[in-house]
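This is a short tour to follow in a viewer. Open the model and select each stop as it comes up.

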Amino acid sequence: MTDHPSIEIADDKVVTFHYRLRDAEGTFSESSEGNAPVVYLHGHGNIVPGLEKQLAGRSGGDKVTATVAPEEAYGAHDANGIQRVPIKRLGSPGRLVAGQMVAINTDAGVRHARVVKVGHFNVDLDLNHPLAGKTLIFDIEVVGVREATPEELEHGHAHGPEGHAHDHETP
């Protein structure tokens, strides 16, 4: 299935785009440059809500800068999201250092967290998303928009540019 530049981004359309992301403070940035573009199913919560809203109505070839407030990205930073956990609960063996990302085993499955402070038996972890509380600025180039396949609609996500792969990134 091929992309059509004249199709507008709307619910149940598969969108392919390249991005450059930075926070408003200039302390974080990443880009899809040199990598495969992002492919997602619009209207199914596969990218941050504020970006999804700002992409609606765009078409292949469009370039847009989207500023997304924390409330429509990864939420506000929650001070209660910092918790003291026994080191033995971590799924990451080896020496821990502040700033390191680790996996923690919870009743709800594995969660990722940032190490804030390391003690002998416990570690203080920040369970907030690393971009929580930050205003995000996305520079987007829409590569293409296409109709979703029935299988993609059933699964609630895109299966890649040609509708067959399950590998995709989601900002």
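Start with Leu125, which is buried, with a relative accessible area of 0%; buried means under 20% relative accessible area, exposed over 50%, and partly exposed in between (1.4 Å probe, protein chains only). Leu125 lies in strand E8, residues 122–126. Helices (H or I, at least four residues) and strands (E, at least two) are DSSP runs, numbered from the N terminus.

The model is predicted: local features need pLDDT of at least 70, side-chain atom pairs count only at pLDDT 80 or more, and totals for chains, interfaces and linings use all residues. Residues are numbered from 1 along each chain as its sequence is written, and side-chain values use heavy atoms, with hydrogens and water left out.

Next, show what surrounds Leu125. Setting aside neighbours within four places in sequence, its contacts (heavy atoms within 4.5 Å) include Ile82, Leu90, Ile104 and Val115. Arg114 is another contact; Leu125 and Arg114 are eleven residues apart in sequence and 5.6 Å apart in space, C-alpha to C-alpha.

Now select Phe17, Leu51, Leu55, Phe138 and Ile140, which touch the most other members of the largest nonpolar core, a group of 22 residues. Such a core is a set of buried Ala, Val, Leu, Ile, Met, Phe, Trp, Tyr and Cys residues joined through side-chain atoms within 4.5 Å. Among the elements supplying at least two residues each are helix H1 (49–55) and strand E9 (136–147); E9 gives the most, with five.

Last, go to Ser59, in the loop between H1 and E4. Ser59 is buried, with a relative accessible area of 14%.
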